[in-house]
Amino acid sequence: MAESTDAREEEMPELSDCEEEEEEDEGQWLEEEEEEEEAAVSCLFCDRSLSSVPVTLQHCTAEHHVNLVDVIRKHSLDDYGYIKMINFIRSKKCDASCLTGLSDGPLPWESEDFLRPVLQDDPLLQTDPEELCDLQGSGVSACPSSGAPSHDALLHRARAAEERARQSEEALSRAMDDLHKLKVLAQGLVLNAAPGRAGNQGTVAELREDEDEAYFGSYGHYGIHEEMLKDKVRTESYRDFMYRNPDVFRDKVVLDVGCGTGILSMFAARAGAKKVIAVDQSEIIYQAMDIVRSNQLEDKITLIKGRIEDIRLPVEKVDIIISEWMGYFLLFESMLDSVLYARDHYLADGGSVYPDLCNLSLAAVGDTERHQNRIAFWDDVYGFNMACMKKAVVPEAGVEVVKADALISEPAVIQTLDCNRVCLSELEFASDFCLKITNTTECTAVVGYFDIFFDKGCGNKVTFSTSPQVTKTHWKQTVFLLETPMSVQAGEELQGKINVRKNKKDPRSLLVTLELRDRKQNYSL
Ligand code: SAH
């Protein structure tokens with residue numbers, strides 16, 4: 001998407017140039033355009049550098065037996081189609097026969113990726129396809145040996161350029177109108193917003209772009225993607241699910257919500273998907289575009305930059321949605337909201353979201369040393385009493401690795417989500433639970449973690465867990481520290497209640513209230 005904006009930007013200076021030039025002497029204007037065309041042009045099919053665009057066309061016809069104008073006409077290429085064709089030929093270094101042998105089916109340069117120029121300042125990209133057709137139609141010879149263009153031909157070109165300038169002015173005026181409408185709309189939104197912030201309705205779909213900038217900015221850093229890719233438990237589970245269940249993917253249209261580097265899309269393509277649409281709002285998608293191309297998967301995977309909530313997909317429905325949306329304590333980040341949005345808008349009847357099932361669990365922790373290190377620590381910090389900090393640090397849920405031997409209860413599942421059915425309101429919930437205590441000791445914290453299942457219709461089901469009892473993942477565990485330790489007996493059933501909800505001031509973060517016996521503590525994440 002952004003590349004297409006670039007392509008449009010390239011046209012804008014032309015618009016203002018034309019306006020200025022119009023006031024000047026026609027002859028001088030024509031001369032200047034002539035000069036512009038004198039920039040060296042690299043041939044599309046060989047190493048030759050030619051003196052102008054028309055000469056290049058002539059050269060392609062004479063030496064490589066391909067008439068670009070015929071190709072433009074045959075496939076009714078518009079500006080974007082033409083730009084994509086030029087970049088496709090240059091990036092693939094294909095020879096002329098690949099153009100002449102094209103059938104009527106989809107063109108090999110349909111991907112938006114080909115809007116990105118391969119050569120800097122490519123004169124072929126600065127030439128309008130219509131102009132090329134006019135050039136040939138008007139008899140302005142592309143042949144170097146025919147000498148200077150005739151006066152009639154120059155006049156014809158001037159008229160064509162004037163027409164383009166007029167159309168551009170009209171387009172500009174329409175854009176100005178739209179801008180004005182948007183401004184009025186934005187003013188209305190700001191005025192009508194509740195005091196404090198506009199996006200406080202509690203779902204990420206309602207966040208304004210500027211409110212969500214930091215979130216997507218964080219995914220623009222490469223370190224986070226490196227960490228996710230290196231998390232083998234995570235990435236290999238997605239891979240195994242797709243590679244071991246090719247029946248699920250064969251000939252399917254797949255949507256990857258939040259594609260990042262494109263890894264899941266590439267797994268899906270390799271697993272046999274017919275088409276994969278990969279969407280991400282973060283800048284990482286530009287890397288994904290290169291990655292997909294480097295792996296020759298550009299014909300299968302279409303990448304779109306934008307929020308899934310804001311863009312239009314090139315297809316009406318998809319068969320499968322894949323996404324790695326899980327945050328700390330499963331729901332932090334609220335990216336599941338976006339996956340549910342995609343499901344409700346784009347999933348075909350009978351389609352599936354993967355992963356499909358998730359469990360969120362709690363267990364009791366007895367780790368006195370760690371508790372002292374986090375709480376008693378404040379009693380004496382380099383000889384100063386900072387005990388007031390104790391009450392401040394407890395409500396901040398921690399993300400850390402809990403050792404398996406610190407667990408002092410069996411786990412209790414507090415919520416199960418089926419991504420094919422769950423609705424937005426169920427992502428905020430309250431649940432009673434009971435922790436069966438296994439050791440007589442001091443309970444110092446409660447730990448939270450999740451398990452993920454690729455289940456629906458899978459001959460080979462795949463699952464992974466972020467429990468302290470198995471290989472650690474980049475999600476680690478979420479720790480809810482108790483302000484003071486609580487004595488527990490082996491065999492005891494420790495009763496509790498948890499309430500999980502989005503922070504109204506920031507729907508990407510969570511508020512958790514934990515009740516254990518007669519104690520109650522609020523946490524934020
Ligand atoms: N699928 C990749 C990246 C997962 S991280 C992988 O498995 O490695 C989640 C990605 O989703 C981030 O790159 C983030 O920018 C993107 N994302 C989150 N919400 C989104 C939304 N609403 N629209 C588009 N992209 C989104």
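Start with four helices: α9 (213-218), α10 (222-230), α13 (263-270) and α15 (335-346). Each of them supplies at least two residues of the shell around the ligand. Helices here are DSSP runs (H or I, at least four residues) and strands are E runs of at least two, numbered from the N terminus.

Before going on, note that this is a predicted model: local features need pLDDT of at least 70, side-chain atom pairs count only at pLDDT 80 or more, and totals for chains, interfaces and linings use all residues. Residues are numbered from 1 along each chain as its sequence is written, and side-chain values use heavy atoms, with hydrogens and water left out.

**The ligand shell**

Select the ligand and its surroundings. The shell holds 21 residues, each with a heavy atom within 4 Å of the ligand. Among the closest are Arg 234, Gly 258 and Ile 308. Colour the shell by class: nine residues are nonpolar, seven polar and five charged. In this scheme Ala, Val, Leu, Ile, Met, Phe, Trp, Tyr, Cys and Pro are nonpolar, Asp, Glu, Lys and Arg are charged, and the others, Gly among them, are polar.

**Polar contacts**

Now pick side chains. A polar contact is a pair of N or O atoms within 3.5 Å; within protein, one must be able to donate a hydrogen and the other to accept it, and residues adjacent in sequence count only if both atoms are side-chain atoms.

- Arg 234: a side-chain N or O atom is 2.9 Å from an oxygen atom of the ligand.
- Asp 280: a side-chain N or O atom is 2.6 Å from a ligand oxygen atom.
- Glu 309: a polar side-chain atom lies 3.0 Å from a nitrogen atom of the ligand.

Switch to a surface view. On its own the ligand has 570 Å² of accessible area, and the protein covers 100% of it. Such areas come from the Shrake-Rupley method with a 1.4 Å probe; for residues, only the protein chains shown count as cover.

**Backbone stops**

Go to the loop between β7 (347-354) and β8 (357-365), where Pro 355 is placed. The peptide bond from Tyr 354 to Pro 355 is cis, with omega near -5 degrees.

Next, select Asp 121, in the loop between α6 (97-100) and α7 (129-137). Its phi is positive, near 50 degrees, in a residue other than glycine. Asp 121 is exposed, at 59% relative accessible area. Exposed means over 50%, buried under 20%, and partly exposed in between (1.4 Å probe, protein chains only).

Finish at Tyr 382, in the loop between α16 (368-374) and α17 (388-393). Tyr 382 is not a glycine, yet has a positive phi of about 50 degrees. Is Tyr 382 buried or exposed? Tyr 382 counts as exposed, at 78% relative accessibility.
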